[in-house]
Amino acid sequence: MNVEIIKTKKKTISLEIHREGRVIVRAPLGITERELEDFIESHKNWIERKKRLLEERRQQALSTKAPPADEISPQEWKQIKTSFAEAVEEYCQRMNVTVGRITIRDQKTRWGSCSAKGNVNFNYRLYYMPRELMEYVVVHELAHRKHMDHSAQFWEEVERYCPQYRTYRKELKKYEI
């Protein structure tokens, strides 16, 4: 089993399995090779099970049908940015929030994000998906302008402006980023 070891100042060992199947162990600087081997061996079944599950999900994932980012024309990028800007503006007014910068990116692991400064980022692939999924992500990120967590109050805020958010969350998980 190919495992990447990263030594850190942490006091505990952590295990990560990435979508593409990479396995990373983050371990304290002072850990011995034997302790690392024992840790990996004791988690071998769990690692293999998770890798199989990720592969199954990847095989079943829906495509966004988005072209590669470097193949999108400048006119189409402008259209994508305008579409997001209009959705953000509409929901900012409805939700009574403001944002800083709106950025559209070729993100590998997220549909969107919101910084503490109020800047919002969106994955360009959302533009090629059903509109309600894009709007759900916009509402989700704007709800972070009121609650920078995923607390009960955060989800109440999301539900206030996107009552079907649970359905849309499940639908989003079917797509491969």
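## Charged and polar side chains in a predicted model

A polar contact of 2.3 Å joins the side chains of glutamate 157 and arginine 160, where a polar contact is a pair of N or O atoms within 3.5 Å; within protein, one atom must be able to donate a hydrogen and the other to accept it, and residues adjacent in sequence count only if both atoms are side-chain atoms. The structure is a predicted model, for which local features need pLDDT of at least 70 and side-chain atom pairs count only at pLDDT 80 or more, whereas totals for chains, interfaces and linings use all residues. Residues are numbered from 1 along each chain as its sequence is written, and side-chain values use heavy atoms, with hydrogens and water left out.

Glutamate 157 belongs to helix 5, which covers residues 152-161; helices (H or I, at least four residues) and strands (E, at least two) are DSSP runs numbered from the N terminus. Glutamate 157 counts as buried because its relative accessibility is 4%, given that buried means under 20% relative accessible area, exposed means over 50%, and partly exposed lies in between (1.4 Å probe, protein chains only).

### Salt bridges

Side chains of opposite charge can pair when their charged atoms come close. A salt bridge is defined here as a side-chain nitrogen of Lys or Arg within 4 Å of a carboxyl oxygen of Asp or Glu, and by this rule the count comes to 11 salt bridges.

| Pair | N to O distance | Relative accessible area |
|---|---|---|
| Arginine 26 and glutamate 16 | 2.5 Å | arginine 26: 25%; glutamate 16: 22% |
| Aspartate 38 and arginine 34 | 3.4 Å | aspartate 38: 38%; arginine 34: 54% |
| Glutamate 171 and lysine 174 | 3.4 Å | glutamate 171: 26%; lysine 174: 45% |

In the salt bridge between arginine 26 and glutamate 16, the partners come from distant parts of the chain, with arginine 26 in strand 3 (residues 23-28) and glutamate 16 in strand 2 (residues 14-17), 10 residues apart. Arginine 26 is partly exposed, and glutamate 16 is likewise partly exposed.

Aspartate 38 and arginine 34 are separated by about one helical turn, because they stand 4 residues apart in helix 1 (residues 33-42). Aspartate 38 is partly exposed, whereas arginine 34 counts as exposed. Both residues also take part in a network of salt bridges that links Arg34, Glu37 and Asp38. For the remaining pair in the table, glutamate 171 is partly exposed, and lysine 174 also counts as partly exposed.

### A patch of positive charge

On the surface, Arg19, Arg49, Lys50, Arg52, Arg57, Arg169 and Lys173 gather in a patch of positive charge. Patches are made of residues with over 30% relative accessible area and no salt bridge, with like charges joined within 9 Å and nonpolar side chains (Val, Leu, Ile, Met, Phe, Trp, Tyr) within 5 Å. Lys and Arg count as positive and Asp and Glu as negative, while His and the chain ends are not counted; the place of a charge is taken as NZ of Lys, CZ of Arg, CG of Asp or CD of Glu. Accessible areas come from the Shrake-Rupley method with a 1.4 Å probe, and for residues only the protein chains shown count as cover.

Helix 2 (44-60) and helix 6 (165-173) each supply at least two residues of this positive patch, and the largest share, 4 residues, comes from helix 2. Arginine 57, which is found in helix 2, counts as exposed because its relative accessibility is 52%.

### Backbone angles and separations

Most residues other than glycine have a negative phi, and most peptide bonds are trans. Lysine 65, a residue other than glycine, has a positive phi near 65 degrees; lysine 65 sits in the loop between helix 2 and helix 3 (74-95) and, at 68% relative accessibility, counts as exposed. Asparagine 96, which is not a glycine either, has a positive phi of about 60 degrees. Asparagine 96 lies in the loop between helix 3 and strand 4 (102-105) and is exposed, with a relative accessible area of 68%.

Asparagine 123 is found in strand 6 (residues 120-123) and counts as buried, at 0% relative accessibility. Asparagine 123 and lysine 108 are 15 residues apart in sequence, and their C-alpha atoms are 8.3 Å apart in space.
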